[in-house]
Amino acid sequence: MSFEWKKRVRSVTPYTPGEQPKDTDIIKLNTNENPYPPSQSVLGVLESFDTEIYKKYPDPEAGLLVDAIAECYGVERDMVFVGVGSDDVLGMSFLTFFNSEQPVLFPDITYSFYDVWADLFRIPYRDKKLDDDFKIVKQDYMEENGGIVIANPNAPTGIVMALSDIEEIVAANPSSVVIVDEAYIDFGGESALPLVEKYDNVLVVMTFSKSRAMAGARIGFAIGNKELIAALNACKFSYNSYTMDQMTILLGKAVIEDKEYFDIIRGKIIETREWTVSELKRLGFEVLPSCTNFVFATKPGVNAGELFEALKRKKIFVRHFKKPRIDQYLRITIGTDAQMKILIEALEELC
Ligand SMILES: *Cc1c(COP(=O)(O)O)cnc(C)c1O
């Protein structure tokens, strides 16, 4: 066999997600999942679910879920697009909106799926250096470009950009779509949603995976001008119409309607984050200001790669990126109070 077909293959280097170990006795602080269970309303849906539904194709527009999201955020239904996780929404947005010879712009340190989608879809891109405090430099996004993606708050830094700065970027780029990836906005910072009524070129992307404790169900959505949403739907329906199954549509609707529980768990995570930050500082760590459900921390004189391995041996999983500028940092997801206490005790022992 010569595998001659290989030279015609679309070869890509895939995104590397955080580990999902099989052990159940580990403390998993490596993929920014929510430590709390999802809303109890999920149980109601599962108990009353009519299995006959599976005979039929699901609603390709996921109308029930679109309506519930529109209601929750006070927008029209034709301003909402849903996808199978925000990764699906973001990927479809890259395919739809980034179709020019000009490079798409995003920070050098950010969600590491952006350059993967750009490579996959053959979209030229240019990454823009964060400043020495790991902040996004808004002037960098005022040059000619084929589109802009900004995670706000940014990952893995956790740092938020002011809404006024986001607005300046959107206003300066009327001929590009600006995607604001708000995977963590429910844990701090101001959402760019109000800009959607004012500018036709801003798309706000959110997810159920973090603040709504539904990473396993795969639900993400975008809110934008109805022309943007129509363009997204046209691409989606040209590729695969039935992406979200009927059960997930019902689960998503039930979860987003439980506002009370949502506020309780995100409030709790913010509280635990503040405690964790003060404990890490007490142990001599430098911690970037976080508006998310994780912290990005470094301890001068301690090798982060070795600390990552040492924590792993104690069955505490965090995330370490072997990348320039951030290889001495650990990204630690905020778990329950009990989990964070165990982490702090382990760190006290190790460094
Ligand atoms: C987690 C995350 C996503 C993807 O979330 P989904 O689980 O696919 O909804 C997108 N962007 C950022 C910055 C994230 O951290």
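A salt bridge is a side-chain nitrogen of Lys or Arg within 4 Å of a carboxyl oxygen of Asp or Glu. The structure holds 22 salt bridges. This is a predicted model, where local features need pLDDT of at least 70, side-chain atom pairs count only at pLDDT 80 or more, and totals for chains, interfaces and linings use all residues. Residues are numbered from 1 along each chain as its sequence is written, and side-chain values use heavy atoms, with hydrogens and water left out.

**View 1. Arginine 126 and glutamate 143 form a salt bridge.** Their closest N and O atoms are 2.4 Å apart. Arginine 126 sits in strand 4 (residues 125–128), and glutamate 143 in the loop between strand 4 and strand 5 (147–151), so the pair ties together parts 17 residues apart in sequence. Helices (H or I, at least four residues) and strands (E, at least two) are DSSP runs, numbered from the N terminus. Arginine 126 is partly exposed, at 37% relative accessibility. Glutamate 143 is partly exposed too, at 28%. Buried means under 20% relative accessible area, exposed over 50%, and partly exposed in between (1.4 Å probe, protein chains only).

**View 2. Aspartate 165 meets lysine 138 in a salt bridge.** The N to O distance is 3.0 Å. Aspartate 165 belongs to helix 5 (residues 163–172). Lysine 138 lies in the loop between strand 4 and strand 5. The two are 27 residues apart, and the pair links distant parts of the chain.

**View 3. Glutamate 279 and arginine 282 pair within helix 8 (residues 259–282).** Their salt bridge spans 2.7 Å, N to O. Glutamate 279 is buried, at 15% relative accessibility. Arginine 282 is partly exposed, at 47%.

**View 4. Asp23, Asp25 and Lys315 belong to one network.** Salt bridges that share partners join these residues.
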